[in-house]
Amino acid sequence: MLMNAAAGAHLPVLKYFYVMNAVMLLLVMILGGTVVTAKTQRRPFHPWAQSPRSRKILIIGLGLLWILDGLLQAQPLMATQFVHELLVPLLHGQPGMVATMMRIGMHVWRIHPLAWDLVAIWTQILLGFLILFGEDAEWRRIGLWVSIVWGFIVWVGGEGLGSLLSGGSWFVGSPGSVLLYVLAAATLLLPRTYWSSPLLKEILRKTIAGLWFLFALLQAWPGSGWWSTPKLATDVLAQAQMAQPGFISAPLYLLAHLTRLDPLIGNGVFVALFIVLAGLWALGRPSRLTWVITSGITFGLWWCGQDLGVFGGMGTDPNSGAILLLGLMVYADLAYFQPTREPSSHHAEPGLNTSA
């Protein structure tokens, strides 16, 4: 209903907005085609050829997420209602300094919302293509560094620090998906030797454990109101009522109903679940069964707790569940599917002739 009303009230604005996007698309196709043609004429184009499989997974996943974010930013409501419907509600409960930075960003955006929306759309789409199809010595590295800078700007101005300081929770997307994008980009900037080292696997395992502990802490924080009010049910119900297929919203309605029955028990279940997952990942290398259970729970909570992040016309990204699932995929490849390395010759038994 809101989308239809906005489209009717701002039809000339939206026509201008999409004409400008069409012009940008044409320019990108012409310039991009010229660059790709020039490069392929000089030498074969293999942007992922020298990357380990787990690194390819992260490159492809992160690139596609940035492109999806850019496309979501091109929804009609983003051109007309972005500040009022999405950013203003994030101000509630923010500390003074964070609220001030967000208000500055909103003021700058309101000066020319269509121009800034075009910048956001095409910055994110171009970042995705640079990460996907750039080469590490050139454009991919530039794209990753720019994505880190852009990610921090979005995290502060567009996500309010992921609501970490204003009653955040997994169910409102904390700690902010774009912060996890930044961590993914920083990982891809590491030397390739890290991808064959057990160190990266350990860092990723501890990061996943830390995230689940953070989710538990945010959900258990007394001042956030998750224990004593139907806040969780209200947030989930608001997501369920967005324009989307019925089979997507049905589990959200069920979760909203169950958590409304007793906020104390409902919140306690989620806090306990997050603590258990944090412990399983913190105590050592998780088994494959633990990984499968964690992935299933993550997907279920992404669906029922974050509504997959893309419905209702105001989703700017698929929320933190998507990037966490990507991290779990990368960990699985590093931990369970890497080939066992043969012992090197300098570890051979004394006196054994290892020459050909």
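Helices here are DSSP runs of H or I with at least four residues, and strands are runs of E with at least two, numbered from the N terminus. By that count the chain has 15 helices and 0 strands. The model is a predicted one, so to speak a calculated picture: local features need pLDDT of at least 70, side-chain atom pairs count only at pLDDT 80 or more, and totals for chains, interfaces and linings use all residues. Residues are numbered from 1 along each chain as its sequence is written, and side-chain values use heavy atoms, with hydrogens and water left out.

Of the 356 residues in the chain, 44% are buried, where buried means under 20% relative accessible area, exposed means over 50%, and partly exposed lies in between (1.4 Å probe, protein chains only). Contact stands for heavy atoms within 4.5 Å. Among contacts between residues at least 6 apart in sequence, 76% join residues at least 24 apart.

Helix H3 (residues 53-73) and helix H9 (residues 177-188) have axes that come within 11 Å and cross at roughly 145°. The axes are lines fitted to C-alpha atoms, for helices over the stretch in contact, with angles running from 0 to 180 degrees between N-to-C directions. H3 passes H9 in a left-handed crossing, the label for a near helix turned anticlockwise from the far one by less than a right angle, clockwise being right-handed. On the H3 side, the residues that meet H9 are Arg55, Leu58, Ile59, Leu62, Leu65, Trp66 and Asp69, and their partners in H9 are Val178, Tyr181, Ala184, Ala185, Thr187 and Leu188. Sorted by type, the residues of this contact come to 10 nonpolar, 1 polar and 2 charged. The sorting takes Ala, Val, Leu, Ile, Met, Phe, Trp, Tyr, Cys and Pro as nonpolar, Asp, Glu, Lys and Arg as charged, and the others, Gly among them, as polar.

Leu65 lies in helix H3 and is buried, at a relative accessible area of 11%. Leaving out residues up to four places away in sequence, Leu65 touches Tyr181, Pro318, Ala322, Ile323 and Leu326. Leu65 and Tyr181 sit 116 residues apart in sequence, yet their C-alpha atoms are 8.8 Å apart in space. Arg55, also placed in helix H3, counts as buried because its relative accessibility is 2%. Beyond its neighbours within four places in sequence, Arg55 is in contact with Asp136, Arg140, Leu188, Arg192 and Trp195.

Now for the rings. A pair of aromatic rings is described by the distance of the centres and the angle of the planes. Rings of Phe, Tyr and Trp (its six-membered ring) pair if their centres lie within 6.5 Å; planes under 30 degrees apart are stacked, over 60 edge-to-face, and the rest tilted. The count comes to 16 aromatic pairs. One of these, Trp66 with Tyr181, is edge-to-face, at 5.0 Å centre to centre and 75° between the planes. This pair ties together distant parts of the chain, with Trp66 in helix H3 and Tyr181 in helix H9, 115 residues apart. Trp66 is buried at 1% relative accessibility, and Tyr181 is buried at 2%. The pair of Phe129 and Phe133 is stacked because the ring centres are 5.8 Å apart and the planes are at 25°. Both of these residues lie in helix H7 (residues 113-133), 4 residues apart, about one turn of the helix. Phe129 is partly exposed at 41% relative accessible area, and Phe133 is partly exposed at 37%.

Ring pairs also link Trp170, Phe171, Trp212, Phe215, Phe270 and Phe274 into a cluster. Elsewhere, the charged end of Lys231 sits over the ring of Trp226, 4.4 Å from its centre; the rule asks for NZ of Lys or CZ of Arg within 6 Å of the ring centre and within 35 degrees of the ring normal.

Most residues other than glycine have a negative phi, and most peptide bonds are trans. The peptide bond from Ser174 to Pro175 is cis, with omega near 5°, and Pro175 is in the loop between helix H8 (139-157) and H9. Ser163, in the loop between H8 and H9, has a positive phi of about 60° although it is not a glycine, and is buried at 10%. Leu308 likewise has a positive phi of about 60° without being a glycine. Leu308 is found in the loop between helix H14 (288-306) and helix H15 (319-336), and is buried at 15%.
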